[in-house]
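Here is a friendly tour of the pockets in one protein model, with a stop at a charged residue along the way. Take a look at the sequence and structure first.

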Amino acid sequence: MKLFFDTEFTGLHKGTTLVSIGIVAENGKRFYAEFSDYDEIQCDEWIKENVLKHTILAGNDTLAAKLGEDSNTTVILGSKADIRYELGEWLKQFDNVQFVSDVSHYDFVLLIDIFDSAFDLPENVSAVCHDINQNIARYYGISEREAFDKSREEIVSELCGQQIEGEKHNALYDAEVIKAIYSEISV
């Protein structure tokens, strides 16, 4: 089962901490978690304005209401330990999990860190992540650097003929974008 995911975190540096994770399965089941124990001191103005304001814990009542009405989405707000347990339980419903992300270098390391190490991942989860940035580069015949700079929302609009509901830099929204792009350009 392919699980498309994204994370939001406190910055692009070695000691970053998770703010949220969003996962969308091929079958439509979703998991969304916000971490109550991220390191707020690491959050610069960009993170505060573009990431934190899109979280329930920061008071985004619209997101809370929308997710509260969604029976396909498991929502967890809590510490890393709480999320580790709940995510482990949620993943049990799937066989042969393959995670897929976009420019996954930070995302997958941070997902693994939820479980402490790659050796501690649930047995049904592959310790290898597929990165759609390479698919985008191949599809458009551009370099991976050029693919990195290509707007994901424009790709979705162009290839999928649809709009994804939500707000950019919310992990669940970004996971939906990753799923839509993967579904259109991956073979």
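## The largest pocket

In this predicted model, the largest pocket holds about 780 Å³ of space. Its lining is made up of 25 residues, and those closest to the centre are Asp6, Asp102, Val103, Phe148 and His169.

Which elements give two or more residues to this lining? They are strand 1, helix 1 (45-50), helix 4 (105-114), helix 6 (144-149), helix 7 (152-160) and helix 8 (171-185). Strand 1 provides the largest share, with four residues. By type, the lining of the largest pocket has 10 nonpolar, five polar and 10 charged residues.

## The second largest pocket

Next comes the second largest pocket, with about 360 Å³ of space. Among its 17 lining residues, Arg30, Lys66, Glu165, Gly166 and Tyr173 lie nearest the centre.

Helix 2 (61-68) and helix 8 are the elements that each give two or more residues here, and helix 8 gives the most, with five. The lining of the second largest pocket divides into six nonpolar, five polar and six charged residues.

Now turn to strand 1 (residues 2-9), where you will find Glu8.

What does Glu8 contact, apart from neighbours within four places in sequence? Its partners are Leu18, Val19, Ser20, Val51, His169, Asn170, Ala171 and Asp174. One of these, His169, is also among the residues closest to the centre of the largest pocket.

Key: Residues numbered from 1 in each chain as written. Predicted model: local features only at pLDDT ≥ 70, side-chain atom pairs only at ≥ 80, totals over all residues. Heavy atoms only, no water. Contact = heavy atoms within 4.5 Å. 1 Å grid on protein atoms, 1.4 Å probe; cavity = no way out; pocket = protein on both sides within 12 Å on 5 of 7 lines; lining within 4 Å. Points joined across faces, edges and corners; volume = space filled by probe spheres on them. Nonpolar A, V, L, I, M, F, W, Y, C, P; charged D, E, K, R; others polar.
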